[in-house]
Amino acid sequence: MNAPFPLDKQQLLDLRYMRMARIWAENSYCIRRKVGALLVKDKMIISDGYNGTPSGFENNCEDAQNISLPYVLHAEANAITKVARSSNSSEGATLYVTASPCMECAKLIIQSGIKRVVYGEKYRIMDGIDLLQRAGIEVLFLKEQ
Ligand SMILES: [Zn+2]
């Protein structure tokens, strides 16, 4: 890491959590695209997710034509719904996600009380990011390093 100035504590944590989210993405059995997400609150990872089918469905994200199946959940949606099944709350949490959230996930992020989103890869459609910013959520793009 060759930063022109020393990184502060939050920047270091952001980089490390993003690295963990990238590793978590390796769990995905999707072929076209592997995305990982972590939910962090008070310096604790309270949830995690990667893109894939709902529990109980076979581990295929794409059909025979390599088109993504409509019931595949995005990494953010999996992390948010996982916390919904736990005794924890996403209120005030930070979401680390390896790719920019789509519009559908942005809605979930807003409604789940997440206050900060750090993402690692820009996607061709950025309307999800626009929505997050309109909702007053802090959004940070963190390039891979
Ligand atoms: Zn999404």
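The model is predicted, so local features need pLDDT of at least 70 and side-chain atom pairs count only at pLDDT 80 or more, while totals for chains, interfaces and linings use all residues. Residues are numbered from 1 along each chain as its sequence is written, and side-chain values use heavy atoms, with hydrogens and water left out.

Let us begin with the cysteines. The structure holds one disulfide, a term that stands for a pair of cysteine sulfur atoms within 2.5 Å. Its partners are C30 and C61, with sulfur atoms 1.9 Å apart. The disulfide is left-handed because the torsion about the S-S bond of C30 and C61 is about -60 degrees. This pair links distant parts of the chain, 31 residues apart: C30 sits in the loop between helix 1 (9-25) and strand 1 (36-41), and C61 in the loop between strand 2 (44-50) and helix 2 (75-84). Helices (H or I, at least four residues) and strands (E, at least two) are DSSP runs, numbered from the N terminus.

How accessible are these cysteines? C30 counts as buried at 3% relative accessibility, and C61 counts as buried at 2%. Here buried means under 20% relative accessible area, exposed means over 50%, and partly exposed lies in between, using a 1.4 Å probe and protein chains only. Two other cysteines can be read on that scale: C102 is partly exposed at 22%, whereas C105 is buried at 3%.

Helix 2 is largely enclosed by the rest of the structure, because seven of its 10 residues are buried. Those residues are A75, E76, A77, N78, A79, I80 and V83. Their cover includes strand 1, strand 2, strand 3 (94-97) and helix 3 (103-111), where contact means heavy atoms within 4.5 Å.

Now look at how helix 2 meets helix 3. Their axes come within 9 Å and cross at roughly 25 degrees. Axes are lines fitted to C-alpha atoms, for helices over the stretch in contact, and angles run from 0 to 180 degrees between N-to-C directions. The two helices are therefore roughly parallel to each other; angles under 35 degrees get that label, over 145 is roughly antiparallel, 65 to 115 roughly perpendicular and the rest oblique. The crossing of helix 2 and helix 3 is left-handed, meaning that the near helix is turned anticlockwise from the far one by less than a right angle, with clockwise giving right-handed.

On the helix 3 side, M103, A106, K107, I109 and I110 meet D127, G128, L131 and L132 of helix 4.

Finally, find D14, which lies in helix 1. D14 counts as buried, at 3% relative accessibility. Not counting residues up to four places away in sequence, D14 touches Y96, R116, V118, L140 and L142.
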